[in-house]
Amino acid sequence: GAGGRAGSAGSPGSAGAGPASAETGLPPGEVGRLRAKDSVLAPGEAPGEWRLGLDPGHAILFDHPTDHIPLMAALEGFRQLGHLMVHGPEATRPYALARVEVECHAFGELDLPTTLVLRDGAPGSSPGPARRMVVEACQEDRSFATATMDWAPLRTG
């Protein structure tokens, strides 16, 4: 698919921006996490865009040295964006990620800013209670991975 615009983000060698939670990142509760160091999402430059900020010192997302963005780190960014979309201010029920399919087009480079772009699935765009969204991970106006996520409402009561 077509790539989005890369977000502004940090210096070369900083994994696309450094920890998103460090100053401009989203609070961990908004992305389904408890600790600030586990939030990898920050506001982007344009509507429908978010910056992926990764800390290569994170013990789980970077469990070994690497020269590219680990797929598990990109997956966590996709999941956090999905969580933000389905549990935003207009949410009326809790959701759980029921299915995700990821297509990798290229390696994500650690020294380039990474932007997550919501291509489909903005609030109110899915009929019925389930939510489907498509998110692209982009660097330098090119997509390196696309995730299609299905979020299902949890039964309450």
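Modeller: Start with a definition: a salt bridge is a side-chain nitrogen of Lys or Arg within 4 Å of a carboxyl oxygen of Asp or Glu. Keep in mind that this is a predicted model.

Biologist: What makes the contact between Arg 99 and Asp 150 a salt bridge?

Modeller: The N to O distance for Arg 99 and Asp 150 is 3.3 Å. The cut-off is 4 Å, so the pair qualifies. This pair links distant parts of the chain, with Arg 99 in strand 3 (residues 95-104) and Asp 150 in strand 6, 51 residues apart.

Biologist: Why is Arg 99 called partly exposed?

Modeller: Its relative accessibility is 36%. Buried needs under 20% and exposed needs over 50%, so Arg 99 falls in between. Asp 150 has 16%, so it counts as buried.

Biologist: What makes Arg 132 and Asp 150 a salt bridge?

Modeller: Here N to O is 2.6 Å, within the 4 Å limit, so the label holds. Arg 132 lies in strand 5 and Asp 150 in strand 6, 18 residues apart. Arg 132 is partly exposed because its relative accessible area is 42%.

Biologist: Which residues are linked in a network of salt bridges?

Modeller: Arg 99, Glu 101, Arg 132 and Asp 150. The structure holds seven salt bridges.

Biologist: How do you know that Glu 76 and Arg 79 form a salt bridge?

Modeller: Their closest N and O atoms are 2.9 Å apart. That is within 4 Å, so the pair counts. Glu 76 and Arg 79 are three residues apart in helix 1, so about one helical turn separates them.

Biologist: Are Glu 76 and Arg 79 buried or exposed?

Modeller: Glu 76 counts as buried because its relative accessibility is 10%, under the 20% limit. Arg 79 is at 17%, so it counts as buried too.

Biologist: Why does Gln 80 count as buried?

Modeller: Its relative accessibility is 0%, and the limit is under 20%, so Gln 80 is buried. Gln 80 sits in helix 1 (residues 71-86).

Biologist: Which residues does Gln 80 contact, leaving aside neighbours within four places in sequence?

Modeller: Val 31, Arg 33, Asp 38, Ser 39, Val 40 and Leu 41. Take Ser 39: it is 41 residues from Gln 80 along the chain, yet the C-alpha atoms are separated by 7.8 Å.

Biologist: Which residues have the most contacts inside the largest nonpolar core?

Modeller: Leu 41, Trp 50, Phe 78, Leu 81 and Leu 116, in a core of 29 residues. Strand 2 (49-52), helix 1, strand 4 (114-120), strand 5 (131-139) and strand 6 (142-153) each supply at least two residues of this core. Helix 1 gives the most, with seven. In soluble globular proteins, nonpolar side chains tend to be buried together.

Biologist: What makes strand 4 and strand 5 a pair?

Modeller: Two strands pair if there are at least two bridges between them; strand 4 and strand 5 have five, so they pair. They run antiparallel. Asp 120 stands opposite Val 134 in strand 5.

Biologist: What is the strand order in the open sheet?

Modeller: The six strands run 1-2-4-5-6-3, with antiparallel pairing.

Biologist: Why are strand 1 and strand 3 at the edges?

Modeller: Strand 1 (41-43) and strand 3 each have a single partner strand, so one side of each is left without a neighbour in the sheet. The twist averages 30° from one strand to the next.

Note on methods:
Residues numbered from 1 in each chain as written. Predicted model: local features only at pLDDT ≥ 70, side-chain atom pairs only at ≥ 80, totals over all residues. Heavy atoms only, no water. Helix = DSSP H or I, 4+ residues; strand = E, 2+ residues; numbered from the N terminus. Buried < 20%, exposed > 50% of the residue type's maximum accessible area, 1.4 Å probe, protein only. Contact = heavy atoms within 4.5 Å. Core = buried A, V, L, I, M, F, W, Y, C linked by side-chain atoms within 4.5 Å. Axes fitted to C-alpha atoms, helices over the stretch in contact; angles between N-to-C directions.
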